[in-house]
Amino acid sequence: MEQELQKNISLGKVIPSELSFFQKLTLFLEKLTLTINNILHKVSSILLFLLMFLTTADVIGRYFFNNPITGTYELTGLALALMIFFSLGSGQIFKDHIEIDFLTSKMPIKVQAVLSGTASLILFTLMSLTTWQLIEYTKRTWQGNELSGDLGLPLYIFIGLTVFGAFSFTLTFLLDAFQSFIKAVIKNES
């Protein structure tokens, strides 16, 4: 947002010298969200890299030595769950998710911003509930001492780690809502 403000200044638009509390809060949320999602996305990339080696070793062991690595299928599933949850927020930040906007793209910019902010608030609420239920599910699997099939790994660890990804995804929707509402109230735009 600071870059956006500097860009607006360089374009000759009138920018107030003081940011409002809401704009400061949005800037803080943006820094926090970008940092968390950047870290999680890097962890996701490392998991993908390690998963590539595990799968290659399993295939080599299976076809050349008739001795596959035990638990590869299980570890692949668990790692994929982590990779997906860790990358959701990053995908939302860079707007990599599918968006159908053939109707809203014809509306005025402020109306688009209000609709986008409202949709982001709804998605923030839904993702907050999803994150909460993931926490509850983690508690149940921990209390039930549920283990994975082949390797006997405690499942609550992996489910608990997905909570971080869900939380970061939730933060991105809150950030999107704040940014959209700021865009809706900025003067000299239509």
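Helices (H or I, at least four residues) and strands (E, at least two) are DSSP runs, numbered from the N terminus. With that in hand, let's go through the model.

It is a predicted model: local features need pLDDT of at least 70, side-chain atom pairs count only at pLDDT 80 or more, and totals for chains, interfaces and linings use all residues. Residues are numbered from 1 along each chain as its sequence is written, and side-chain values use heavy atoms, with hydrogens and water left out.

The overall picture, then. The protein has 5 helices and 0 strands. Along the sequence that reads α-α-α-α-α. Of its 190 residues, 31% count as buried. Buried means under 20% relative accessible area, exposed over 50%, partly exposed in between (1.4 Å probe, protein chains only).

Next, contacts, meaning heavy atoms within 4.5 Å. Take those in the protein with a separation of 6 or more: 76% of them come from residues 24 or more positions apart.

Now helix H5. It covers residues 155–185, which is 31 residues. From first C-alpha to last it reaches 46 Å, close to the expected 45 Å. That expected span is 1.5 Å times one less than the number of residues. Is H5 enclosed or open? Of its 31 residues, 22 are buried, so H5 is largely enclosed by the rest of the structure.

Two residues in H5 deserve a look. Thr170 sits in this helix. At 5% relative accessibility, Thr170 is buried. Its side chain makes a polar contact with the side chain of Thr131, at 3.2 Å. A polar contact here is a pair of N or O atoms within 3.5 Å; within protein, one must be able to donate a hydrogen and the other to accept it, and residues adjacent in sequence count only if both atoms are side-chain atoms. Setting aside neighbours within four places in sequence, Thr170 contacts Phe124, Met127, Ser128 and Thr131.

Ser180 is also in H5. Its relative accessible area is 9%, so Ser180 is buried. Its side chain makes a polar contact with the Ser116 side chain, at 3.2 Å. Not counting residues up to four places away, Ser180 touches Ala113, Ser116 and Gly117.

Last, the loops. Lys95 is partly exposed, at 47% relative accessibility.

Asn145 is in the loop between H4 and H5. Asn145 is not a glycine, yet its phi is positive, about 50 degrees. At 53% relative accessibility, Asn145 counts as exposed.
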